[in-house]
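Subject: Structure for your review

Dear colleague,

Please find the sequence and the structure below. My notes come after them.

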Amino acid sequence: MSSEEQIIQLTPEICQAIDQWVLKYPPEQKRSAVLAGLRIIQRAYGWLSDERMRALAEYLDLPPMDVYEVASFYSMYERKPIGRYKLAVCMNISCHLCGSDNIIKHLESRLGICMGETTSDGLFTLRRAECLAACTDAPILQVDDRDYYKRVTPEIIDQVLEQLHQAGRKKGRDDAT
Amino acid sequence: MQHNIVCFRTRHLDQPWSLENYRSVGGYKQLERILNDKIPPEHILERIKQSALRGRGGAGFPTGLKWSFLSRGKPIQKYLICNSDEGEPGTCKDHDILMLNPHQLIEGMIIAAYVLGTTVGYHYLRGEFWHAFQRCEQAIKEAYQEGYLGKNILGSGVDFDLYNTLGAGAYICGEETALIESIEGKRGWPRFKPPFPANYGLYGLPTTINNTETLASVPVILQHGAKWFAHLGGKENGGSKIFSISGHVNQPGNYEIPLGTPFSELLNIAGGVWKNARIKAVIPGGSSMPVLPGEVMKRTRLDYDSLSKAGSMLGTGAIIVMDEHTCMVNALACITEFYYEESCGQCTPCREGSGWVTRLIKRIEAGQGKPGDLDCLEQIAKGIEGRTICAFGEAIAWPVRSFLKHFRAEFEYHIEHGCCQVAARVR
């Protein structure tokens, strides 16, 4: 946490998106929207800074710790900047039996990074994923916590990297919902 | 054998998830009948009990009995929760229900809510299911538009509001009390039980939690009758079940077939073991369940009681097949590493023990095992089992103990020779 209390306010768009989630819960249970709030902020900025987490806590009338402890518990939250695209490869038993090790090796050599690292151009971060519940289509790659690529092979990986490479240069981050 | 007649009954259609297609197979007819005829909730509860429907999320608890725990008459807010936090390695059936037949889950939830006397429901999807979440958002929107959800459903005076919520990456949230904590916006730390959710659940109020497949089965049970459903399977093992068969088979996939189907039949449906290899081992219910030798599985039927007799459990119905070239030390290392990564850290035996067993197994795999390591592994596994707040402790202990029970010689070979028996044989 930075020592100087930098005041950051959430944008109106982000507040609006969070409000939609607050409405799903009883009025006195705004805390229920913490997970969604963090996801919305991460979607907009790519990661969760301490300042923005504090801003979320303030917005939901919570002590900052209630937000930090959630952000540090769940694996999809990024508390440090990562690459433009997160590539998560499942390494659990069904994917493992179907060759996910080779997929990781291929990604590591294509990207020139090891598991957990980010490419020097800031485009890709490589992650280990825990079971993504698509075991009958193993091995599985998930991009940016959303899109599944099933039964991936080194050839499919090459195509995906090529597509993302081109798309990543053109556009910035997408919607904040 | 009849396939895809319960949760996957729209699967053969183009755009199986659409409201129109769901209606074409009788969708929302049961809800309409119940509300129009004012069928008493107790009658429906009785049907569910007669159907022998058991929870499809892993524990296999009788659904009717679970529903009867919630005291309907209590004049306070009660909640219904659907658990779509699918993540037990090998399991991927609920995702298909959400993508292919979301309206059936919604109808099942509305009927369950009517029986339980709850007016608010939450459908919790794991965070990685973004696309399934979008599909369910759309389906809920349609259900509101058609008057199936909201206040005064179809003019009956019954209210039910349903909301989709998302997790953010935590296997433990599949445990029902951890899931409740997660909906409350907290870390997914399981709660001590008792009190059980039926008394103290979401926001401290009475709550019933069911798995996706369980709830989605309800409309079909009511359409065709409890007897019909019960007779699909065997005694106390009613209905059909979606089996996710993965690993070393030619056609891995989700197959909805009657409970009690012989494993060998499912293996045939899945195209047999790949590459003409022989079968070595099978985990029949998701990776936390005890492994069984392939030969034992070939003689076993796929239902709760048969698998329990064979020394394992039906669990989520996720069947992981391993061929003769699989190194069991390597496979176990992969399994325990998952539980090590996903331990929520609340209970010491699980938090520390999952790391100890994983490091020990990896050491053995790397050829640096020592005499006594296997006894040590057993000791640690026993030390975790039964000593944690939730069943996660068993989820680490059972694979370790069952792999050692059935494949001990392979572990011993690794320790003695410093290399893999399977790899040596292939060479």
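This is a predicted model: local features need pLDDT of at least 70, side-chain atom pairs count only at pLDDT 80 or more; totals for chains, interfaces and linings use all residues.

Residues are numbered from 1 along each chain as its sequence is written, chains are lettered from A and ligands numbered from 1 in the order in which they are written, and side-chain values use heavy atoms, with hydrogens and water left out.

The interface

Contact (heavy atoms within 4.5 Å) involves 39 residues of chain A and 60 residues of chain B. The two chains bury about 3900 Å² between them, 60% of it on carbon and sulfur atoms; buried area is the accessible area (1.4 Å probe) that two parts lose on being put together, summed over both. Between chain A and chain B there are 16 residue pairs in polar contact, both residues at pLDDT 80 or more. A polar contact is a pair of N or O atoms within 3.5 Å; within protein, one must be able to donate a hydrogen and the other to accept it, and residues adjacent in sequence count only if both atoms are side-chain atoms.

On the side of chain A that touches chain B, at least two residues each come from α2 (34-45), α4 (64-73), α5 (93-97) and β4 (147-149) of chain A. Of these, α5(A) gives the most, with 4 residues. Helices (H or I, at least four residues) and strands (E, at least two) are DSSP runs, numbered from the N terminus. By residue class, that side of chain A divides into 20 nonpolar, 9 polar and 10 charged. Here Ala, Val, Leu, Ile, Met, Phe, Trp, Tyr, Cys and Pro count as nonpolar, Asp, Glu, Lys and Arg as charged, and the others, Gly among them, as polar.

Salt bridges

A salt bridge is a side-chain nitrogen of Lys or Arg within 4 Å of a carboxyl oxygen of Asp or Glu. By this rule there are 38 salt bridges over all chains, and the count between chain A and chain B is 3. One of the salt bridges pairs B:E337 with A:R128, with the closest N and O atoms 3.7 Å apart.

Within chain A, A:R84 and A:D144 form a salt bridge at 3.4 Å between the closest N and O atoms. This pair links distant parts of the chain, 60 residues apart: A:R84 is in the loop between α4 and β1 (85-90), and A:D144 is in the loop between β3 (141-143) and β4. A:R84 is buried at 11% relative accessible area, and A:D144 is buried at 14%. Buried means under 20% relative accessible area, exposed over 50%, and partly exposed in between (1.4 Å probe, protein chains only).

In chain B, B:R408 and B:E412 form a salt bridge with their closest N and O atoms 3.3 Å apart. Both residues lie in helix α17 (residues 392-417) of chain B, 4 residues apart, about one turn of the helix. B:R408 is partly exposed at 26% relative accessibility, as is B:E412 at 36%. Elsewhere, salt bridges that share partners join A:R31, A:D66, A:E69 and B:R187 into one network.

Helix α7 (residues 130-145) of chain B has 16 residues, which at 1.5 Å a residue should span 22 Å; its end C-alpha atoms are 23 Å apart, which agrees. The expected span is 1.5 Å times one less than the number of residues. Among the buried residues of α7(B) are B:W130, B:F133, B:C136 and B:I140. Just after α7(B), B:G147 takes a positive phi of about 80°.

A buried lysine

A:K86 is in strand β1 of chain A and is buried, at 5% relative accessibility. Its side chain makes a polar contact of 3.2 Å with the side chain of A:D145. Leaving aside neighbours within four places in sequence, A:K86 is in contact with residues including A:Q42, A:E78, A:R127 and A:D144.

Regards
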